[in-house]
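Subject: Structure for you to look at

Hi,

Here is the structure I promised to pass on. Please open it alongside this note, and I will walk you through what turned up.

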Amino acid sequence: MNEKRHQFKPFVSMDTAMSETTAVSIGLGILFAVVFAASNVYLGLKTGITIAAAIPASILGTGILKAIFKKDSILEANLVASVAAVGESIAGGIIFTLPAIIIWGHDLSMVSIAIITILGGLIGTLFVIPFREYLIVEEHGILMFPESVAAYEILVNANKGGEGFKTVLKGLGMGGAFKFLSGGLGLWSEGPVWAITKLGTAFGFSAVASLLGVGFIVGTGVAILMFSGALLAWFGFIPLIKFIGAGATTPIFPATQLISEMSAISIWSNYIRYIGAGAVATGGFISLAKSAPAIISSFKEAIIGLKAEKTAHKVERQHIDTPLTFVGAGAIAVFLIVWLLPLSAGIPKVGFIVSFLVIFFSFFFGVVSARMTGIMGASNNPVSGMTIASLLVIASVIKASGIDPELGKIMAIIAAGVVCVSISTSGGVAQSLKHTYLIGGTPKKIEWSMFAGLIVAAFAAGGVVLMLHKAFGLGSADVPAPQAGLMRMLSEGVMTGEIPWILVIVGVVIAVVINFLGLSILPIALGLYLPIQLSAAILTGALVREVVEMKFKKNLTEQKGRIEKGILLSSGLVAGDALIGILLAVFITLGKDLSVFGRKFGAITTNSTVGFIIFAALAVWIYTQVVSGKASDEQLPE
């Protein structure tokens, strides 16, 4: 580890004194955390997706600090981005679980939602801390953290200006324009898909600029594994289920529709997602077991850091962490609160065993979540898959205890809600700590600032949930809360004994086989769990990078510069897509439907071929931008 520390040089050297935690930076971070929490809760409950916060917050934070407060500290801008990201993380955790309780007709107060969120967010942050050295430092260059790299590039180039910043701005402009024209005005489809009738399946692309950017950043190694999982699901399992079940005269559990009448996406939603959830959970267990020696070493490093912090003047700020004593005390406090206090009026305390499971799954899947973020970024982190695995076990334990099923299903969702927020937060915290490491910030200051943002944003997010329920009714066509609907079905299924365990077990076996073959489980499991459109889009971006590398394979120096230029451009694409996505969320919140412009053009705007051609044109644009002009001379993190 010491060798890696000496090799890596952050953007801000350790002997440079620079302001980091100031009233302005913390205040801005908390403000952005509230904004991103509120907007993502709305967008997630309505569409099932959330918008990344770290990258747009990097841009906004740098711009406001410079323009309004006349501050030029990149460490302050990094802190703003890190605290803002907490808002997105907790929103993702909330929308997956807690609305199910409201849909059942049980009242949840804003305070109850906030307490559950704060408990989950606290341990989600704490459980990353002991592994920071391992995940961020030891695995540097192995875990890519693509969105962290994008945030780093935004922060550095916005701070420095010059050609690198111009490249980022070019990508930002294109990414924003692409999102506004497609997702906003609806001029072409963001999800071109084609039914393959003879196989009973479908194929398509998520035609969004950010996924092309993520693909270019991560490269073909991860993208191909992810796409392989998607191929197995969509051209293996779905055709098989369609073929075998075509003659069934009654619906086959857990679906309520005849297989012969089901589309490919319906088969994926009703059957394949359970297989994917089993594979993701098993991949997490195997990954954790394989990483055990490194994890133990990470704990030792954390303990050494705790001792060294007493003489902090001898420790570089880049390695100053929250003490492990605080981590342990925080985990114990959360355990006692979940065990001894009812978290919602009228619902019994969840008990000792369930409280233990909450801490266990938060710890275990927190590490998995952080690793998945390192592979694919927080936006593509399969939080719902890990939450499903946790919910199945927790609900089964509650059922075995003999509690009334009507109360038990709500208790299971509350416990799973804490776990879900924790898992989501762990991924977001790992992402923030990674770009903090690349820039040269202080982990401890970032962690404590995120605690503050978490508390304030939790109440804001809870208020938005209740506001939407009062205005539209959660579970309605206006606010369908799709993931919470799935969790509701699972919790009810366990309590009534109707859960497709066989599908989960199939996922477990697949993960074991992948491990025997010596392949990386989690990317493949992720591809199995998510729609193929997403994997296809990421692979497209990775293939653009591959073509660039082939073009300059005879000149490695030139090749390196071109790839660096492409990463800068891709970082801008991700940022532009995220920024305009948030702007569109504001329009949706105000009841403004911009897509009316696209609908005027009729069938052209919904034609999948048109959407794909425009998506392919964007990929070609990325290639031409990267190979033309001068190569980048920016020094990207290695």
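Let me start in a loop: Phe145 sits between α7 (132–138) and α8 (146–160). Its phi is near 45°, a positive value in a residue other than glycine. Phe145 has a relative accessible area of 0%, so it counts as buried. Please bear in mind that this is a predicted model.

Is Lys70 buried or exposed? Lys70 counts as exposed because its relative accessibility is 66%.

One more loop is worth a look, the one between α11 (220–245) and α12 (264–290), where you will find Pro254. The peptide bond leading from Phe253 into Pro254 is cis, and its omega is near 10°.

Now to the helix pairs. The axes of α16 (residues 383–400) and α17 (residues 405–439) come within 9 Å and cross at roughly 145°. This crossing is right-handed. On the α16 side, the contact is made by Val383, Met386, Thr387, Ser390, Leu391, Ile394, Ala395 and Ile398. From α17 come Gly408, Met411, Ala412, Ile413, Ala415, Ala416, Val419, Cys420, Ile423 and Ser424. What is the make-up of this contact? It divides into 14 nonpolar residues, 4 polar and no charged.

An α-helix has 3.6 residues a turn, so residues three or four places apart point the same way.

Helices α20 (residues 501–516) and α21 (residues 521–529) pack at an angle of about 145°, and their axes are 10 Å apart. The crossing of α20 and α21 is right-handed. Ile510, Ala511, Ile514 and Asn515 of α20 meet Ile521, Ile524 and Leu528 of α21. Here the contact residues divide into 6 nonpolar, 1 polar and no charged.

Helix α25 deserves a visit of its own. It covers residues 608–627, 20 residues in total, and reaches 29 Å from first C-alpha to last, close to the 28 Å expected at 1.5 Å a residue. The N-terminal end of α25 is capped by Asn607, with a side-chain oxygen 2.9 Å from the backbone nitrogen of Thr609. Just after the helix, Gly629 takes a positive phi of about 70°. Among the buried residues of α25 are Phe615, Leu618, Trp621 and Ile622.

Ser608 also belongs to α25. Its relative accessibility is 16%, and it therefore counts as buried, the cut-off being under 20%. Which residues does Ser608 touch, leaving out those up to four places away in sequence? They are Pro192, Val193 and Trp194.

Finally, have a look at Ser449, which lies in helix α18 (residues 443–471). With 5% relative accessibility, Ser449 counts as buried. Not counting residues up to four places away in sequence, Ser449 touches Thr21, Ile26, Leu79 and Val83. Ser449 and Val35 are 414 residues apart in sequence, and their C-alpha atoms are 16 Å apart in space.

Happy to go through any of this with you on screen.

Best wishes

Definitions and conventions: Residues are numbered from 1 along each chain as its sequence is written. This is a predicted model: local features need pLDDT of at least 70, side-chain atom pairs count only at pLDDT 80 or more; totals for chains, interfaces and linings use all residues. Side-chain values use heavy atoms; hydrogens and water are left out. Helices (H or I, at least four residues) and strands (E, at least two) are DSSP runs, numbered from the N terminus. The expected span of a helix is 1.5 Å times one less than its number of residues. Buried means under 20% relative accessible area, exposed over 50%, partly exposed in between (1.4 Å probe, protein chains only). A polar contact is a pair of N or O atoms within 3.5 Å; within protein, one must be able to donate a hydrogen and the other to accept it, and residues adjacent in sequence count only if both atoms are side-chain atoms. Axes are lines fitted to C-alpha atoms, for helices over the stretch in contact, and angles run from 0 to 180 degrees between N-to-C directions. A crossing is left-handed if the near helix is turned anticlockwise from the far one by less than a right angle, and right-handed if clockwise. Contact means heavy atoms within 4.5 Å. Ala, Val, Leu, Ile, Met, Phe, Trp, Tyr, Cys and Pro count as nonpolar, Asp, Glu, Lys and Arg as charged, and the others, Gly among them, as polar.
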